[in-house]
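Visitor: I am new to reading protein models, and I would like to learn how to look at charged pairs, helices and aromatic rings. Could you take me through them one at a time?

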Amino acid sequence: MTIVAAYLLLCNSLLFLLMGIDKRKAVKRQWRIPEKTLLGLGLVGGGFGGILSMHLFRHKTTKGSFKAIFALGTAVAIFLFVYFL
């Protein structure tokens, strides 16, 4: 596995996990993961994990900023994957 593939796997997996944790914390009305953390991770290549978690956990689905950033992050991931692999 190349470094780029490992990086993308890590970003997407981490964002997926953080979105699940944030959803659980939202339901329990506990401290939340900052939106800038979720958006930043989505932008640097974790967009697919973010989109998948939005649908699976039904979390942040009405926020246009999350949809746009995760779509852009998915495009970044595709570019990195195609360009470097």
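**Charged pairs, a helix face and rings**

Guide: Let us begin with a group of charged residues, for Glu-35, Lys-60 and Lys-63 are linked in a network of salt bridges. Please keep in mind that this is a predicted model.

Visitor: What is the general idea behind such pairs, and how many salt bridges does a search of the whole structure find?

Guide: In general, side chains of opposite charge can pair when their charged atoms come close. In this structure the search finds three salt bridges.

Visitor: Which residues does Glu-35 meet, and where do the partners lie?

Guide: One partner is Lys-60, whose side chain meets that of Glu-35 in a salt bridge of 3.1 Å, N to O. Glu-35 lies in helix H2 and Lys-60 in the loop between H2 and helix H3, so this pair ties together parts that are 25 residues apart in sequence. Another partner is Lys-63, and the side chains of Lys-63 and Glu-35 meet at 2.9 Å, N to O. This pair, too, links distant parts of the chain, since Lys-63 is in the loop between H2 and H3 and Glu-35 is in helix H2, 28 residues apart.

Visitor: Which residue does Asp-22 meet in a salt bridge?

Guide: The side chain of Asp-22 meets that of Arg-32, at 3.0 Å from N to O. Asp-22 lies in helix H1 and Arg-32 in the loop between H1 and helix H2, so the pair ties together parts that are ten residues apart in sequence. Asp-22 is buried, with a relative accessible area of 0%, while Arg-32 is partly exposed, with a value of 32%.

Visitor: Now for a helix: which residues of H3 are buried, and why do they line one face?

Guide: The general idea is that an α-helix has 3.6 residues a turn, so residues three or four places apart point the same way. In H3 the buried residues are Phe-66, Phe-70, Gly-73, Thr-74, Ala-77 and Leu-80. Seen down the axis of H3, these buried residues fall within an arc of 125°, so they line one face of the helix. They pack against H1 and H2, whereas on the other side of H3 the residues Ile-78, Val-82 and Tyr-83 are exposed.

Visitor: How should I read aromatic rings, and how many aromatic pairs does the structure hold?

Guide: A pair of aromatic rings is described by the distance of the centres and the angle of the planes. The structure holds four aromatic pairs. One of them is formed by Phe-16 and Phe-57, which is tilted, with 5.1 Å centre to centre and 40° between the planes. This pair links distant parts of the chain, with Phe-16 in helix H1 and Phe-57 in helix H2, 41 residues apart. Phe-16 is partly exposed, with a relative accessible area of 26%, and Phe-57 is partly exposed with 25%.

Visitor: What kind of aromatic pair do Tyr-83 and Phe-84 form?

Guide: Tyr-83 and Phe-84 form an edge-to-face pair, at 4.9 Å centre to centre and with 90° between the planes. Tyr-83 counts as exposed at 57% relative accessibility, and Phe-84 counts as partly exposed at 48%. Ring pairs also link Phe-79, Tyr-83 and Phe-84 into a cluster.

Note on methods: Residues numbered from 1 in each chain as written. Predicted model: local features only at pLDDT ≥ 70, side-chain atom pairs only at ≥ 80, totals over all residues. Heavy atoms only, no water. Salt bridge = Lys/Arg side-chain N within 4 Å of Asp/Glu carboxyl O. Helix = DSSP H or I, 4+ residues; strand = E, 2+ residues; numbered from the N terminus. Buried < 20%, exposed > 50% of the residue type's maximum accessible area, 1.4 Å probe, protein only. Arc of directions from axis to C-beta. Contact = heavy atoms within 4.5 Å. Phe/Tyr/Trp six-rings, centres within 6.5 Å; stacked < 30°, edge-to-face > 60°.
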